[in-house]
Amino acid sequence: MYHHIAESFDAKTHMCVVFCDISKAFDRVWHKGLIFKLKQPRVRGSLLNWISNYLGYREHRVIVGQSYSDVKHVKAGVPQGSVLGRLLFLVYVYANDITHNLLSITRLFADDTSLDSTTSNSDDLQGNINHDQREISKWSKQWLVTFNPDKIEVLYFVNYQPPMLEFNNIVLATTFDEVTLNDDCKWNPHINNICFSSSKSLGIMRKLKFTVKRNTLNQIYISFLRPILEYSSVVWDNCSKYEKDRLERMQLEAVRIVTDAIRSINTITLYDEIG
């Protein structure tokens, strides 16, 4: 997606990305609809009966203290945490039909759906996205899936007044400053956020340096701080050298805490020592 955004900037076109949110995604899988969709790729016979049996005959009730509600039959949803749960959800939501008749590029991952459209003028951009929102709305009503307009995020990469987008006659709010991606395709807000989050972990390490062993401090760094520094780095690695140096200073500070080294010690020596 980032590569596509960068291409849009290079071509001096305008781009809009819409991130859609499905309410209670895994609980919304309509069993009859899922069985119908499984039949389309010719799932038949014993396998279809087995899946139908796996989904059906499930019941639930609410227990509060010594009180019990009536037992209710579960007619929707896939068992979360199960091996088949995610696969059946993907079949139900993304069995090709959600992308039918859409003008935008559609990217699907688990219960996250994004649309992006690139055009040379705002009228086409507004028309394409609003058309696709109407199509998704129709699809959601047909298959009993609920999208939450309040949680739909819109991000523009344009140089003019952004168009007005709607979902189910609700005007969508615009997100101009995403945590991971700014509307000018620069990474300064994301690096700021990384440094802010890293500082919290560094503070915890400083408090613990006199009470836990070095190996424990090192493990805290590996488990809690390094994932913050590395998350999605394959995308934002083209940030400026200044921003990379800011992140490197966060790591160097962690190394000094782990080794209890003074600031005059050579950085390369510290990195070699800590691995």
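I began with Ser 198, which I found placed in helix 6; helices here are DSSP runs of H or I of at least four residues, strands are E runs of at least two, and both are numbered from the N terminus. Before going further I noted that this is a predicted model, in which local features need pLDDT of at least 70, side-chain atom pairs count only at pLDDT 80 or more, and totals for chains, interfaces and linings use all residues. I also noted that residues are numbered from 1 along each chain as its sequence is written, and that side-chain values use heavy atoms, with hydrogens and water left out.

Is Ser 198 buried or exposed? I read 0% relative accessibility for Ser 198, so it counts as buried (buried is under 20% relative accessible area, exposed over 50%, partly exposed in between, with a 1.4 Å probe and protein chains only). Setting aside neighbours within four places in sequence, I found Ser 198 in contact with Leu 225, Ile 228, Leu 229 and Met 250, where contact means heavy atoms within 4.5 Å.

Next I looked up how helix 6 packs. Two packed helices are described by the angle between their axes and the distance between the axes. For helix 6 (residues 188-208) and helix 7 (residues 214-230) I read an angle of about 170°, with the axes 9 Å apart; axes are lines fitted to C-alpha atoms, for helices over the stretch in contact, and angles run from 0 to 180 degrees between N-to-C directions. The two helices are therefore roughly antiparallel to each other, the word used for angles over 145 degrees. On the helix 6 side the contact includes Ile 194, Ser 198 and Met 205, and on the helix 7 side Leu 217, Phe 224 and Leu 229 are among the residues that make it. I noted that the residues of this contact divide into 11 nonpolar, three polar and no charged.

I then turned to helix 3 (residues 45-55), where Leu 48, Ile 51, Tyr 54 and Leu 55 are buried. Seen down the helix axis, these buried residues fall within an arc of 125°, so they line one face of helix 3 (the arc is that of the directions from the axis to the C-beta atoms). The face turned away from that buried side carries the exposed residues Ser 46, Asn 49 and Trp 50. Helix 2 (31-39) and helix 4 (83-94) are included in what covers the buried residues of helix 3.

Last, I recorded that the protein chain comes to 10 helices and 10 strands, and that 39% of its 275 residues count as buried.

Technical notes:
Angles under 35 degrees count as roughly parallel, over 145 as roughly antiparallel, 65 to 115 as roughly perpendicular and the rest as oblique. Ala, Val, Leu, Ile, Met, Phe, Trp, Tyr, Cys and Pro count as nonpolar, Asp, Glu, Lys and Arg as charged, and the others, Gly among them, as polar.
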